[in-house]
Amino acid sequence: MALTKNQRRQRIKNRIRKVVSGTETRPRLTVFRSNKEIYAQIIDDVSGKTISAASSRDKDIDSAKANKSETAKLVGKSVAEKALKAGVETIAFDRGGYLYHGRVKSLAEGAREAGLKF
């Protein structure tokens, strides 16, 4: 029997997580994308803490009234600015089982523009 879309994404996500993990010096930027919104978190997996987070539901981003790709770019910039304030400059990018295309790519580009290094 064929896998559902979510089961397939979960398998890909598990494969990625075997390789990518966040440390204190190089935390993990993880992405979750729903049909309407996009969320990003910078996580230190060793201590199990979220360093910074941003989403398209934040008031400053939600009021921008942009399309989904532009909103994802704003989320990337926002999470990067919060991470830089917390003292994080380099990260490991975790695309969460999604293709590096469209909104996920826009988020990554926005984070790079704001000063994060992957």
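The structure is a predicted model, in which local features need pLDDT of at least 70 and side-chain atom pairs count only at pLDDT 80 or more, while totals for chains, interfaces and linings use all residues. Residues are numbered from 1 along each chain as its sequence is written, and side-chain values use heavy atoms, with hydrogens and water left out.

Helices (H or I, at least four residues) and strands (E, at least two) are DSSP runs, numbered from the N terminus. Strands of a sheet pair through backbone hydrogen bonds, either parallel or antiparallel. Here, two strands are taken to pair if DSSP finds at least two bridges between them. An open sheet is formed by 4 strands in the order 3-2-1-4, with mixed pairing. Its edges are strand 3 (49-55) and strand 4 (92-94), each of which pairs on one side only. On average, neighbouring strands of this sheet are turned by 20° against each other, direction ignored. Strand 1 (residues 28-33) and strand 2 (residues 38-44) run antiparallel and are joined by 6 bridges; T30 stands opposite Q41 in strand 2.

Two helices lie across strands of the sheet. Angles run from 0 to 180 degrees between N-to-C directions, and axes are lines fitted to C-alpha atoms, for helices over the stretch in contact. Helix 3 (residues 68-85) lies across strands 1, 2 and 3, at about 145° to strand 3. Contact (heavy atoms within 4.5 Å) involves residues including A72, V75 and G76 in helix 3 and L107, G110 and A111 in helix 4. By class, this contact has 5 nonpolar, 4 polar and 6 charged residues; Ala, Val, Leu, Ile, Met, Phe, Trp, Tyr, Cys and Pro count as nonpolar, Asp, Glu, Lys and Arg as charged, and the others, Gly among them, as polar.

The side chain of R28 makes polar contacts with the side chain of D45 (2.9 Å) and with that of D94 (2.9 Å). A polar contact is a pair of N or O atoms within 3.5 Å; within protein, one must be able to donate a hydrogen and the other to accept it, and residues adjacent in sequence count only if both atoms are side-chain atoms.
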